[in-house]
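Trainee: I have a model open and want to read it residue by residue. Can we work through it in short questions?

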Amino acid sequence: LHTAMHTLFRSVSGGIDWGMVAHTLGEVNWIWTYLFSLYVAFCMFAVLNVMTGIFCQVAVESSWNDPQLLLQHSMVERERQHDQIRQLFQSFRQETTRRKITLIDIEENFDDEGVQGLMNLLDIYPETGWSLFKQLDDNGDASISEEEFVSGVFRLKGTAKSWDMEKIMQEQRGLRKILDAYIANVGTGSDKRAGRG
């Protein structure tokens with residue numbers, strides 16, 4: 001029994017050629033050759049592949065917890081997105097001699113399948129060329145440089161984040177204070193005029 005167990009272990013671990021063992025078992029009875037072949041196939045394809053899969057999965061999961069690897073992946077992903085945004089900018093730019101794009105460039109190419117595909121890939125969904133242009137033209141000079149385009153598309157990408165929502169709420173509070181002060185001033189001014197009349 002000890003020798004049989006040892007031979008089975010050595011057959012699947014590379015310690016002995018399992019073909020020799022199968023040949024020896026075949027001399028006893030052909031059924032043992034098939035049973036032994038099934039044992040080797042089960043160990044090689046089922047048990048060892050499952051064990052290898054578990055080790056690989058653990059290695060991959062532990063690598064995702066590595067801050068350096070996450071940072072590197074994030075940087076590579078950001079650079080890939082930069083390239084896609086630059087490609088989108090080039091798709092809008094009609095004349096290669098100009099360094100900026102205009103509303104006309106965006107509106108003429110807005111419905112192009114390639115442009116729409118890039119915008120979907122970048123996770124931006126403007127309704128019209130005008131709405132996209134309005135969001136990207138930061139300095140209001142009626143043209144968009146490549147730098148303006150890249151930073152603007154990064155701002156528009158995806159859904160609003162809590163940071164964006166907080167920024168909007170702060171701006172709303174500031175506008176509310178200004179409006180309240182204006183209404184108070186207008187109210188006191190009309191009171192003074194009513195008192196004079």
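Trainee: Where is Ala 142 found?

Mentor: First, keep in mind that this is a predicted model. Strand β2 covers residues 144-145. Ala 142 is found in the loop between α7 and β2.

Trainee: Is Ala 142 buried, partly exposed or exposed?

Mentor: Its relative accessible area is 47%. Buried needs under 20% and exposed needs over 50%. So Ala 142 is partly exposed.

Trainee: What is phi of Asp 123 near?

Mentor: Asp 123 sits in the loop between α6 (113-121) and α7 (129-136). Its phi is positive, in a residue other than glycine. The value is near 65°.

Trainee: Which residues does Asp 105 touch, not counting residues up to four places away in sequence?

Mentor: Asp 105 lies in helix α5 (residues 103-109). At 4% relative accessibility, it counts as buried. With those sequence neighbours set aside, its contacts are Phe 92, Gln 94, Arg 98 and Lys 100.

Trainee: Phe 92 also has a ring partner. What kind of pair do the rings of Phe 92 and Phe 149 form?

Mentor: The structure holds five aromatic pairs. In this one the ring centres are 6.1 Å apart and the planes stand at 70°. Planes over 60 degrees apart count as edge-to-face. So the pair of Phe 92 and Phe 149 is edge-to-face.

Trainee: How many residues apart in sequence are the parts that this pair ties together?

Mentor: Phe 92 belongs to helix α4 (residues 67-92), and Phe 149 to helix α8 (residues 146-156). Both Phe 92 and Phe 149 are buried. Together with Phe 89 they form one aromatic cluster. The pair therefore ties together parts separated in sequence by 57 residues.

Trainee: Which ring does the charged end of Arg 78 sit over?

Mentor: Look at the distance to the ring centre, which is 4.1 Å. A charge sitting over a ring must be within 6 Å of that centre. The ring is that of Phe 154.

Trainee: Now helices α2 and α3. Are they roughly parallel or roughly antiparallel?

Mentor: The axes of α2 (residues 18-28) and α3 (residues 30-64) come within 6 Å. They cross at roughly 150°. Angles over 145 degrees count as roughly antiparallel. So α2 is, relative to α3, roughly antiparallel.

Trainee: How many charged residues does the contact of α2 with α3 have?

Mentor: On the α2 side, the residues include Trp 18, Val 21 and Leu 25. On the α3 side, Trp 30, Trp 32 and Phe 36 are among them. By class, the contact has nine nonpolar and three polar residues. The number of charged residues is none.

Note on methods. Residues numbered from 1 in each chain as written. Predicted model: local features only at pLDDT ≥ 70, side-chain atom pairs only at ≥ 80, totals over all residues. Heavy atoms only, no water. Phe/Tyr/Trp six-rings, centres within 6.5 Å; stacked < 30°, edge-to-face > 60°. Helix = DSSP H or I, 4+ residues; strand = E, 2+ residues; numbered from the N terminus. Buried < 20%, exposed > 50% of the residue type's maximum accessible area, 1.4 Å probe, protein only. Lys NZ or Arg CZ within 6 Å of the ring centre and 35° of its normal. Axes fitted to C-alpha atoms, helices over the stretch in contact; angles between N-to-C directions. Parallel < 35°, antiparallel > 145°, perpendicular 65-115°, else oblique. Contact = heavy atoms within 4.5 Å. Nonpolar A, V, L, I, M, F, W, Y, C, P; charged D, E, K, R; others polar.
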